[in-house]
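Student: I have not seen this structure before. Could we go through it by question and answer?

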Amino acid sequence: PDSRDQLLTKISRQLKPARFEHVQRVEATAIKLAKQYGVNVEKASIAGLIHDYAKQRPDKDFIDAIHRYKLDPDLVNWNNAIWHGVVGAELIKTELGIFDEEIIDAVRFHTTGNRYMTKLAQIIYMADYIEPARDFDGVEKARLLTSQNLALAVAYQTKHTLMYLLTNNQRIYPKTIDTYNAWVPQSG
Ligand code: DGI
Ligand code: FE
Ligand code: FE
Ligand code: FE
């Protein structure tokens with residue numbers, strides 16, 4: 001397996017500087033959360049670094065991969081926001097030789113979440129949302145919740161992402177709704 005330095009070199013070839021800096025902040029945030037929540041720190045580091053590996057690929061690469069890996073055909077109706085995690089996970093296996101299912105799932109679910117997420121996947125989902133350069137209404141609440149209760153933080157992010165997408169007339173990927181239904185605490 002690659003050392004962290006080898007991985008950094010490969011990732012830096014795929015990403016523009018601002019995005020490369022983002023993934024390093026996500027890594028650092030994920031490592032802190034992994035220590036707090038008793039998750040494998042090396043996996044958190046790798047997953048943080050690679051989560052946006054495919055973010056700057058041309059659409060054609062994703063369309064090709066959806067066919068080549070026989071992924072859900074409905075994926076062709078979506079866009080980079082959805083592809084870079086779900087399809088990016090397959091590119092990572094092929095191009096980086098990272099096959100750890102838990103790491104791959106953390107990448108796969110980092111944008112939409114999923115009904116089932118390991119602690120590692122929850123950490124990557126949250127670290128991406130709260131890394132130090134993120135600045136939006138509610139980010140402080142998200143940071144506090146993440147430090148107190150990971151599951152409630154996942155619910156908080158999912159709800160706020162949904163509200164943001166609805167407000168901006170964007171389509172909702174069905175898995176995002178699944179995530180909401182699975183993680184928002186039952187009441188009444
Ligand atoms: O890649 P990042 O910018 O670090 O962050 P991300 O992967 O969490 O989110 C990428 C984008 O995906 C973000 O602008 C919100 C968008 N997104 C998340 N869920 C959905 C979605 N876009 C659509 N259309 N539908 C969704 O369900
Ligand atoms: Fe992303
Ligand atoms: Fe995210
Ligand atoms: Fe990201």
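Tutor: Start with a term: a nonpolar core is a set of buried Ala, Val, Leu, Ile, Met, Phe, Trp, Tyr and Cys residues joined through C-beta atoms within 7 Å. Keep in mind that this is a predicted model.

Student: Which residues have the most contacts inside the largest nonpolar core?

Tutor: In soluble globular proteins, nonpolar side chains tend to be buried together. Here the largest such core has 42 residues. Those with the most contacts inside this core are Ala-30, Ala-47, Ile-123, Ile-124 and Met-126.

Student: Which helix gives the largest share of this core?

Tutor: At least two core residues come from each of α2 (17-37), α3, α4 (59-68), α5, α6, α7, α8 and α10. The largest share is nine residues, and its source is α8.

Student: What is Met-126 in contact with, leaving aside its neighbours within four places in sequence?

Tutor: Contact here requires C-beta atoms within 7 Å. With those neighbours left aside, the partners of Met-126 are Leu-33, Thr-146, Leu-150, Ala-153, Val-154 and Gln-157.

Student: How many helices and strands does the chain have?

Tutor: From the N terminus on, the elements run α-α-α-α-α-α-α-α-α-α-α. The count is 11 helices and zero strands.

Student: What is the radius of gyration of the chain?

Tutor: The globule rule gives 16 Å for 188 residues. The chain comes close to that value, so it is as compact as a globular protein of that length. Its radius of gyration is 16 Å.

Student: What share of the contacts with a separation of 6 or more joins residues 24 or more positions apart?

Tutor: Of the 188 residues, 34% count as buried. Among contacts with a separation of 6 or more, the share from residues 24 or more positions apart is 60%.

Student: Which residues of α7 are buried?

Tutor: Helix α7 covers residues 101-108. Its buried residues have cover that includes α3 (41-50), α5 (80-86), α6 (88-96) and α8 (119-130). They are Ile-103, Ala-106, Val-107 and Arg-108.

Student: Which residues are closest to ligand 1?

Tutor: The ligand is surrounded by 15 residues, and by class these are four nonpolar, seven polar and four charged. Both α5 and α10 (150-167) supply at least two residues of this shell. The closest residues are Ala-81, Thr-111, Gln-170, Tyr-173 and Thr-176.

Student: How far apart are the end C-alpha atoms of residues 19-133?

Tutor: An unreviewed UniProt entry places the feature "domain: HD" at residues 19-133. The span is 65% helix and 0% strand. Its end C-alpha atoms are separated by 11 Å.

Methods
Residues are numbered from 1 along each chain as its sequence is written. Chains are lettered from A and ligands numbered from 1 in the order in which they are written. This is a predicted model: local features need pLDDT of at least 70, side-chain atom pairs count only at pLDDT 80 or more; totals for chains, interfaces and linings use all residues. A residue is buried if 20 or more other C-beta atoms lie within 10 Å of its own, exposed if 12 or fewer, and partly exposed in between; C-beta atoms are placed from the backbone. Helices (H or I, at least four residues) and strands (E, at least two) are DSSP runs, numbered from the N terminus. Two residues are in contact if their C-beta atoms, placed from the backbone, lie within 7 Å. The radius of gyration is taken over C-alpha atoms; the globule rule is 2.2 Å times the number of residues to the power 0.38. A residue is near a molecule or strand if its C-beta atom, placed from the backbone, lies within 6 Å of it. Ala, Val, Leu, Ile, Met, Phe, Trp, Tyr, Cys and Pro count as nonpolar, Asp, Glu, Lys and Arg as charged, and the others, Gly among them, as polar. UniProt positions are given in the numbering used here, feature names are shortened, and annotations may be inferred rather than shown by experiment.
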